[in-house]
Amino acid sequence: MKDLEISALGLSFRNPIIAASTDIARSVEQFEAFAKSGAGAIITKSVTDAAALQDDNISRIHVTDMAQNPARGEVPESYILFSRGGSMLGMEAFEPKAVEMLRIAKQYNTVAIASIAAGPVENWVRFAKRLEDLGFPALELNFGNPHGEASASKLGFLIGQSPELSAEILKAVQGAVKIPVIVKMTPQLSDVTGTAQHLEACGAKAVTVMHRFQGLMVDPETDAPILGGWAAIGGSWMKPVALANIARIYRGTNLTVFGGNGANTARDVYEYMCCGASLVEIGSAFMLRGPAYAKRVVEEFYGLLEKKGVRRCEEIVGKTASQIVAYQNLSALPKRKAVYDLQKCKDCAGKPCVETCYFGALHVKDGILSRDETKCSGCSLCQTRCGKDAIAMQILREDGIS
Ligand SMILES: Cc1cc2nc3c(=O)[nH]c(=O)nc-3n(C[C@H](O)[C@H](O)[C@H](O)COP(=O)(O)O)c2cc1C
């Protein structure tokens, strides 16, 4: 395998693929299985001081396909994962596991990062110091957990949504430990870039973009809320939302971005990096498909970079983000129009393209498609509805000739 080492926060990762903080790191055995996969790092399950989040009975995971049919057997390629992820660990329960995990991480050349999801500031500081003493080389501060209402103290996304609280905790933790700190952001923000800029102004060097949203699902049989109520929602379909947030923060700050939420495949890892992530966290996909799958993603990522002729991971970081055209400049994009192959089109009786041309450019005359070119906006909805492969989009030159 090629050497895809990447440096971030003064640490060296053998590759940019990280097993996100999930239940895969609850037990030492599972941690070891994932350490063997070749991933660059593993983030441990968050340690918490919130009694409600340590209750073993709260763990619920409901996985469906995109039509919301419960998944059975093979994990659907695209899925919805609705969950209150396994209860978190208290520090006392975590410590003996942590020692073993750090030993295993060293043995398999992966970086073990510890995660904290505490309430009161003094507990954040206490946990951070203890985790540093145990030997963790970095910490992830969970300011994104969507179950943040589970305790009397604000947790997770309620911290991430509060500029004052997140600043207070971040400064206190960074003042108490020497190891690097990554802030895991909630996506439930009105201004993602502004929040990241605020964290940067408070001394943050790195952010994880992003934790999951809170969602609600309804049981089609009983009309009751699935899992009893609010829970975290995500899945492969979150990728475009995560990519947008990653790219915004990459463009709007100098923070090191750990990308995540919705990444499932080697190709996804590549795209998260092109949008500005230096490293990419994968949670649900590794949990659902297991350590052999994690190994496959790592191997396929090496293969993908080889195929693309990429020699160093840094080469692709932000490659797509830097090409994004701002909304204000959209009209400067090249114009385009739809062109039609009337031979292929004549075999289609229904012509659904016509009823979905909301610009009024398409009509049917004597069973034949006719078009008012002046009305075609180039939106391509007609192409989407064409079942005969009879429509192509053509870029127009500035003089209007294609
Ligand atoms: C079952 C489950 C448990 C999780 N537990 C934690 C946790 O303890 N701490 C944390 O920061 N994130 C936790 N997460 C969130 C993941 O780390 C990750 O940010 C999120 O699932 C989005 O990435 P994904 O689409 O790759 O799953 C959990 C996610 C799942 C699905």
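Which residues are closest to the ligand, and how many surround it?

1. Basis. This is a predicted model, in which local features need pLDDT of at least 70, side-chain atom pairs count only at pLDDT 80 or more, and totals for chains, interfaces and linings use all residues. Residue numbers start from 1 along each chain, as its sequence is written.

2. Ligand shell. The ligand is surrounded by 30 residues, and the closest are Ala20, Ser46, Gly85, Gly283 and Ser284. A residue counts as near if its C-beta atom, placed from the backbone, lies within 6 Å of the molecule. Two elements give two or more residues to this shell: strand 6 (79–84) and helix 9 (284–289). Helix 9 gives the most, with 3 residues. Helices (H or I, at least four residues) and strands (E, at least two) are DSSP runs, numbered from the N terminus.

3. By class, the shell around the ligand has 16 polar, 10 nonpolar and 4 charged residues. Here Ala, Val, Leu, Ile, Met, Phe, Trp, Tyr, Cys and Pro are nonpolar, Asp, Glu, Lys and Arg are charged, and the others, Gly among them, are polar.

4. Domains. Domain 1 covers 6–323 and domain 2 covers 330–395. Their C-alpha centres lie 44 Å apart. The bounds come from an automatic or database domain assignment.

5. Helix 1 on helix 2. Helix 1 (residues 28–35) packs on helix 2 (residues 91–107) at about 15°, with the axes 10 Å apart. Axes are lines fitted to C-alpha atoms, for helices over the stretch in contact, and angles run from 0 to 180 degrees between N-to-C directions. The two helices are therefore roughly parallel (angles under 35 degrees; over 145 is roughly antiparallel, 65 to 115 roughly perpendicular, the rest oblique). Helix 1 contributes Val28, Phe31, Glu32 and Ala35, and helix 2 contributes Lys97, Glu100, Met101, Ile104 and Ala105. Contact requires C-beta atoms, placed from the backbone, within 7 Å. The contact of helix 1 with helix 2 has 6 nonpolar, no polar and 3 charged residues.

6. Helix 2 on helix 3. The axes of helix 2 and helix 3 come within 10 Å and cross at roughly 30°. Helix 2 and helix 3 are therefore roughly parallel. The crossing is right-handed. Met91, Glu95, Ala98, Val99 and Leu102 of helix 2 meet Phe127, Arg130 and Leu134 of helix 3. This contact counts 6 nonpolar, no polar and 2 charged residues.

7. Helix 3 on helix 5. Helix 3 (residues 121–134) and helix 5 (residues 163–176) pack at about 30°, with axes 9 Å apart. Helix 3 and helix 5 are therefore roughly parallel, and the crossing is right-handed. Val121, Trp124, Val125, Ala128 and Lys129 come from helix 3, while Glu168, Ile169, Ala172, Val173 and Ala176 come from helix 5. The contact of helix 3 with helix 5 has 8 nonpolar, no polar and 2 charged residues.

8. Backbone points to check. Most residues other than glycine have a negative phi, and most peptide bonds are trans. Asn109 has a positive phi, near 55°. Asn109 sits in the loop between helix 2 and strand 7 (111–116). The peptide bond from Val209 to Met210 is cis, with omega near 20°. Met210 lies in the loop between strand 10 (206–209) and strand 11 (213–215).

Notes
A crossing is left-handed if the near helix is turned anticlockwise from the far one by less than a right angle, and right-handed if clockwise. Two residues are in contact if their C-beta atoms, placed from the backbone, lie within 7 Å.
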